[in-house]
Amino acid sequence: MNNFSDDLYLFDEKKIKKAVRRGKMKTIIITIFVSLVVFVILNIANLAISSHFSQKAFKQWDAYVRLSTPNGYISETVDSRGLLGGISNYEISKDFKIKSVTIEQKQYSFGLIPSVLISRSSGGNVGITGEDWKFSYKENGWREMLFFHPNVPYKQYKDDEQLISSMQGDKVYEVALSFGQPYKPNELFMQLPEMTWFWIDTYSSEQLNEFQKEAKENDWSSTFIREKDALGFSINTPYISIHDLDGEYEQFLDLLQMSISPDHQNAFNKMKDIKLEDVEILGVVVYGTKDELKEILKNPNIKATSLGGVIENY
């Protein structure tokens, strides 16, 4: 009888151990399965959130580029994603009448937890001694264009007409023209090339006062409006009447509202109630060969000319 009880006890112990092992294995399998499901769900959620903020950031930065780079746009982005965000490396290209050219590579962060950007640079400016204009260069070697507000009495104005005339070869030039006074769209005084970028007066009275103060107190070589601070839009067809600008002006307002820049948001608040016929054009950026630009550059209503990019005409 005792032997039978011992055998029964051993049998029950084996069953218990087997059941415990089976329970542990089941628990491990369930834990692994749940962990995989949670991992997949979290990755899908992270991807969805990152994609949402990546697309939002792209629209904001592309708007910024289109507004502050004449005929510029973001041509390519490559995202590096982390937790609920990441970094986007992007290329800025420019429509240059006959072809597009990549001019710079930059990056921005995006997301609920944006990645930290560390950027280093040096150089890029000339004219530090005050003997020449303190313009900057883009990464591809082009000069950034200089703009001069018609309501600011500058001590000196940029004039690149002679420089353009002296350059050799059949090239296409990008030239910023600053007018001697603001013009409404129906007051434009010259025949414009097929591709033209219009510099629009989006400045507040405070900004204009600051420009006037800088021009009065600073050296002439550093008093101008940099390309990124001159906002506008372009058309790719010949300008015949104000109606040629209807769609572009509406898009311009949309980009101001969408841009990542607080300055652009302020500009939108100023421009949102201004009708196209009341918009003031302070200058233009034109594209063409020396022969195509010759008559335009000699127009007496142009106060300043600033050379930007130059490409071969093919």
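Which residues gather in a patch of negative charge on the surface? To see the answer in this predicted model, select Glu187, Asp246, Glu250, Asp254, Glu277, Asp278 and Glu280, which together make up that negatively charged surface patch.

Within this selection, centre the view on Asp278. The residue is found in a loop, with α5 (262-271) on one side and β9 (281-288) on the other. Asp278 counts as partly exposed because its relative accessibility is 41%, and the partly exposed class lies between the limits of under 20% for buried and over 50% for exposed.

Next, select helix α1, residues 2-68, and display the side chain of Val38, which has its place in this helix. Val38 has a relative accessibility of 40%, so this residue is likewise classed as partly exposed.

Now extend the selection from Val38 to Ile30, Phe33, Val34, Val37, Ile41 and Leu42. With Val38 included, these residues form a nonpolar patch on the surface. Together, the members of the patch present about 630 Å² of accessible area.

Finally, clear the selection and display the whole protein. Its secondary structure consists of 6 helices and 10 strands. If the surface is shown, the accessible area comes to about 17900 Å², and carbon and sulfur atoms account for 53% of it. Of the 314 residues in the protein, 39% are buried.

Key. Residues numbered from 1 in each chain as written. Predicted model: local features only at pLDDT ≥ 70, side-chain atom pairs only at ≥ 80, totals over all residues. Heavy atoms only, no water. Patch = residues over 30% accessible without salt bridge, like charges linked within 9 Å, V, L, I, M, F, W, Y side chains within 5 Å. Areas by Shrake-Rupley, 256 points an atom, 1.4 Å probe, with all protein chains shown as cover. Salt bridge = Lys/Arg side-chain N within 4 Å of Asp/Glu carboxyl O. Lys, Arg positive; Asp, Glu negative; His and termini not counted. Charge placed at Lys NZ, Arg CZ, Asp CG, Glu CD. Helix = DSSP H or I, 4+ residues; strand = E, 2+ residues; numbered from the N terminus. Buried < 20%, exposed > 50% of the residue type's maximum accessible area, 1.4 Å probe, protein only.
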